[in-house]
Amino acid sequence: MATLFSSSSFLSSPKPFSSHKNKPTLAIKSLLTPTPTIETSFPAIQTFWTWLSDKGIISTKSPIVRPALVSEGLGLVAQKNLSRNEVVLEVSKKFWINPDTVKASDIGKFCDGLKPWVSVALFLIREKAKKGDSMWCSYIDILPDSTNSTIYWSEEELSELQGTQLLSTTVGVKKYVESEFVEVEEEIILPHKNIFPSITSDDFLWAFGILRSRAFSRLRGQDLVLIPLADLINHDSKITTEDYAWEIKGGGLFSRDLVFTLRTPVSVKAGEQVLIQYDLGKSNAEFALDYGFIESRLDRNIFTLTLGIPESDPFYGDKLDIAESNGLAETANFDFVLGQSLPPKMLPYLRLVALGGTDAFLLESIFRNSIWDHLELPISQSNEELICRVVRDACKAALSGYKTTIEEDEKLLDGGNVLDPRLEIAIGIRVGEKKVLEQIDGIFKDREVELDELEYYQERRLKDLGLAGEQGDIIFWEPK
Ligand SMILES: C[S@@+](CC[C@H](N)C(=O)[O-])C[C@H]1O[C@@H](n2cnc3c(N)ncnc32)[C@H](O)[C@@H]1O
């Protein structure tokens, strides 16, 4: 039975953590302070503000929000008291940056057929290189050089994630971005050197991270769109509704241009920051990868169990057929959330994968319509014992891949020292994953203890046929 827990140790010799040189290098980082400071006079913000006004993107006469320096970098600060659901800003489509913007630009003809994000990434890099000659220059100037997303971490910083799923994901994402860069470099950048001078893979990673952390997606008909000013909105974990935050209006037959509208999901006092909930469904690992921060909420801690039917299984074909008829496949990912019960379908899938020996008759085609119902309950002691052992072994193997214990991590977090934000993310992620793994192990440990008392398929079948009593004793018909 193939049980693939994807916790890889990418870095062979972890080095001790030292404060990184590569902190999020917002152009304005020297003005960042740990306390929320409403600072609007910084030159780059001023220039951006003037640009927004000159372009008519917003009216600067009686603005509802203004960009300002806050503890999260830049943010939007209310200029008056706002009630819940009040419109905070509106940005017309002509000021969005999306694949249509690229198409209409001077590089449009070179970007035909590129993935939407790749074309927007090239556009951003090129506009950035143009400096003052770009119409987007004032916007591009306020974009950070990096965030605390794990894609920007040094190898030394990444070594703090040793053993975590986030490390493998980060490595995978960086490889993906690199391979996209190699392709676009060969096909577009090098053949048109005069248009795209000296674009490096670091530039490409920068653009990828910018899009990942601030592009709006899943908007009506828009796969990926950067909306200047709106993309300064920061996240607040205390806001637990995604409603009312943003929408696209207009675009009907007789209506005006499409407009992006941002609303505040909660009431805000003048001078306070307007904040939204980015995504209630994201895990801390996704937050760390996309945005470079995590939350303390328990259910943001998720460990993904990847289970699969090995091709070498003598019943591979039948098992795959059953899995597919029930919405699963040869491999299946189960997201296990801290503090919650096992993901639905996980136990039946595990039992299916482990099915063999004298239980294999259940794989015969006459059971095809009822097999999943049977798999919802324990099949046999040996099957249940096997799934417990395999899951527990996998948890132990994954847990041995981390270089610290939960206690050591908690001590670091509660030690009263101000930690580097990236180290704090790393500790939060690894402690969260380990807690989930311990919880999974605990569930299957308890199950192992109950194995003798569980009711299995044969017993249920005998009961159904009226051949077994409620206590499991076999009823014989004695000849009279
Ligand atoms: C959509 S942008 C928001 C504007 C951003 N603060 C800036 O300076 O440009 C998202 C980024 O803001 C920062 N951010 C947003 N909410 C945050 C939070 N609650 N804690 C820490 N950083 C946050 C992260 O760097 C994230 O990648």
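**Exercise 1. Two annotated residues**

UniProt, in an unreviewed entry, lists Arg214, Arg218, Asp231, Trp246, Tyr278 and Tyr291 under "binding site". The model used here is predicted.

Solution. 
- Step 1, location. Arg214 sits in helix α7. Asp231 sits in the loop between α7 and β5.
- Step 2, burial. The cut-off for buried is 20 or more other C-beta atoms within 10 Å.
- Step 3, contacts. Set aside residues up to four places away in sequence. Arg214 then touches Leu226 and Asp231. Asp231 is in contact with Arg214 and Leu226.

**Exercise 2. The shell around the ligand**

Task: state how many residues surround the ligand, and find which element supplies the largest share of the shell.

Solution. 
- Step 1, count. The ligand is surrounded by 16 residues. The closest are Gly73, Leu74, Ser213, Asn234 and Tyr291. Tyr291 is also among the positions that UniProt lists for "binding site".
- Step 2, elements. At least two shell residues come from each of β3 (73-78), α7 (201-214) and β5 (234-235). The largest share belongs to β3, with 3 residues.
- Step 3, classes. The shell holds 6 nonpolar, 7 polar and 3 charged residues.

**Exercise 3. The sheet**

Task: give the strand order of the open sheet of 4 strands, then name its edge strands.

Solution. 
- Step 1, order. The open sheet runs β2-β3-β8-β5, with mixed pairing.
- Step 2, edges. β2 (65-70) and β5 each pair on one side only, which makes them the edge strands.
- Step 3, background. Strands of a sheet pair through backbone hydrogen bonds, in a parallel or an antiparallel sense.
- Step 4, one pair. β3 and β8 (residues 273-276) are antiparallel, over 2 bridges. Leu76 has Val274 in β8 as its bridge partner.

**Exercise 4. Two buried positions**

Task: explain why Ser380 counts as buried and why Ile440 does too. Then trace their contacts.

Solution. 
- Step 1, Ser380. This residue is in the loop between α11 (371-375) and α12 (381-400). Ser380 is buried because 20 other C-beta atoms lie within 10 Å.
- Step 2, partners of Ser380. Beyond neighbours within four places in sequence, Ser380 is in contact with Asp359, Tyr456 and Tyr457. Leu451 is 71 residues away along the chain, yet the C-alpha atoms of Ser380 and Leu451 are separated by 9.3 Å.
- Step 3, Ile440. This residue is in helix α14 (residues 421-450). Ile440 is buried because it has 22 C-beta neighbours inside 10 Å.
- Step 4, partners of Ile440. Not counting residues up to four places away, Ile440 touches Phe336, Val391 and Cys395. Leu342 is 98 residues from Ile440 in sequence, but 7.9 Å away in space, C-alpha to C-alpha.

**Exercise 5. Positive phi**

Task: find where Lys131 lies and where Ser198 lies. Then decide whether each is buried or exposed.

Solution. 
- Step 1, background. Most residues other than glycine have a negative phi.
- Step 2, Lys131. Its phi is positive, about 50 degrees. Lys131 lies in the loop between α3 (116-130) and α4 (137-140). With 10 other C-beta atoms within 10 Å, Lys131 is exposed.
- Step 3, Ser198. Its phi is also positive, near 40 degrees. Ser198 lies in the loop between α6 (165-189) and α7. Ser198 has 8 C-beta neighbours inside 10 Å, so Ser198 is exposed.

Key:
Residues are numbered from 1 along each chain as its sequence is written. This is a predicted model: local features need pLDDT of at least 70, side-chain atom pairs count only at pLDDT 80 or more; totals for chains, interfaces and linings use all residues. A residue is near a molecule or strand if its C-beta atom, placed from the backbone, lies within 6 Å of it. Ala, Val, Leu, Ile, Met, Phe, Trp, Tyr, Cys and Pro count as nonpolar, Asp, Glu, Lys and Arg as charged, and the others, Gly among them, as polar. A residue is buried if 20 or more other C-beta atoms lie within 10 Å of its own, exposed if 12 or fewer, and partly exposed in between; C-beta atoms are placed from the backbone. Two residues are in contact if their C-beta atoms, placed from the backbone, lie within 7 Å. Two strands pair if DSSP finds at least two bridges between them. UniProt positions are given in the numbering used here, feature names are shortened, and annotations may be inferred rather than shown by experiment.
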